[in-house]
Amino acid sequence: MKQKRIVAIHDISCFGKCSLTVALPIISAAGIEVSVIPTAVLSTHTGGFTGFTFRDLTDDIVPILDHWANYDIQFDGIYTGYLGSFEQIELMKQTFDRLRTENTIVFVDPVMADNGKLYPLFPQDFPKGMRSLCEKADVIIPNITEACFMLDKEYEEGPYTKEYIEELIRRLSFELNVKRVVLTGVYFDDQKLGAAAYDQDQDKIEYAMSDRITGYYHGTGDVFASAVMASMLSNKSLKDAIEIAVDFTVESIKRTKEANTDVKFGVDFETGLKKLASQLNDK
Ligand code: PXL
């Protein structure tokens, strides 16, 4: 079988596992080739560290695409995550137009907020820009805060009702015109936490729930999104993809909690890669 290839477009946070340092190993574990376009280099991610360096690589994006255009390079998937500016959002739209073929799946994780708040460095109107990028995607993976912000809806804390989640996910799919939406951070009680997935063609919502672990662990959104992407490109159904990704993420959090690691440092997903590889390479 022909090996699949994707391009992951995120920052490199040199310390504190997230974005490219998470996407590369997880998607590679599925036997998928991962090319990258780094959007910035930071000494650490921005969640809880202070004094980090930030080298913007916006000016390198078009030259990278121009160089690639000299070769016959095709991608089965394009995966964007943390983007640092409106300019980068506009460049991603051009990137999709230049790299996508009719068989390419475009994944957008609109990384910008959590727990009702935008991450540091993002302006208040950033969700508008992210929404316009999501409108060009085949699959989007927001958390509930990002979903509300993109719909200009006030963020509410959970526990949520099924009606609330289903209205949110359907609104995202129809108003942003995206066929498949995976919503993270879904919980109906204090025991379980997980994700919901909506497929517009089938008008069906699926859930994958697991144990809710207290504490805020950094980079878990990227771990989850990378595992969903790896699973979908390994021909798993949307339901199987969210189940595999929820289990992979929760097991990573549990190991990290047991080890008492600083929550800023990222989760121990590496120990779970062998199991993930065996789940995704059973073609
Ligand atoms: O995990 C998302 C992420 C990625 N990259 C950078 C971040 C964050 C979240 O805070 O700061 C630089």
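## Basis of the description

Because the model is predicted, local features need pLDDT of at least 70 and side-chain atom pairs count only at pLDDT 80 or more, while totals for chains, interfaces and linings use all residues. Residues are numbered from 1 along each chain as its sequence is written, and side-chain values use heavy atoms, with hydrogens and water left out.

## The sheet

An open sheet of mixed pairing is formed by 9 strands, in the order β3-β2-β1-β4-β5-β8-β9-β10-β11; strands (E, at least two residues) and helices (H or I, at least four residues) are DSSP runs, numbered from the N terminus, and two strands pair if DSSP finds at least two bridges between them. The edge strands, each pairing on one side only, are β3 (54-56) and β11 (204-211).

Within this sheet, β8 (residues 139-140) and β9 (residues 180-186) pair in the parallel sense over 2 bridges, and I140 stands opposite V181 in β9.

## Helices on the sheet and beside each other

Helix α3 (residues 86-99) packs on the sheet, where it touches β1 (5-15), β2 (33-44), β3, β4 (77-80) and β5 (105-108), a contact being heavy atoms within 4.5 Å. The direction of α3 makes about 175° with that of β4; axes are lines fitted to C-alpha atoms, for helices over the stretch in contact, and angles run from 0 to 180 degrees between N-to-C directions. Helix α6 (residues 162-175) lies across β9, β10 (192-199) and β11, and runs at about 145° to β9.

The axes of α2 (residues 58-68) and α3 come within 10 Å and cross at roughly 10°, which means that α2 is roughly parallel to α3, a description used for angles under 35 degrees. Among the residues that meet between these helices are I61, V62 and L65 in α2, and L91, M92 and T95 in α3.

## The ligand site

The ligand is surrounded by D11, S13, C18, S19, L42, H45, T46, Y82, V111, Y119 and D222, each with a heavy atom within 4 Å of the ligand. A nitrogen atom of the ligand lies 2.8 Å from a polar side-chain atom of D11. For oxygen atoms of the ligand, the distance to a side-chain N or O atom is 2.6 Å at T46 and 2.7 Å at D222. The protein covers 96% of the 310 Å² of accessible area that the ligand has on its own, as calculated by the Shrake-Rupley method with a 1.4 Å probe.

## Backbone details

S19, found in the loop between β1 and α1 (20-29), has a positive phi near 40° although S19 is not glycine. A cis peptide bond, with omega about 0°, joins G158 and P159, and P159 is found in the loop between α5 (144-150) and α6.

Definitions and conventions: A polar contact is a pair of N or O atoms within 3.5 Å; within protein, one must be able to donate a hydrogen and the other to accept it, and residues adjacent in sequence count only if both atoms are side-chain atoms. Angles under 35 degrees count as roughly parallel, over 145 as roughly antiparallel, 65 to 115 as roughly perpendicular and the rest as oblique.
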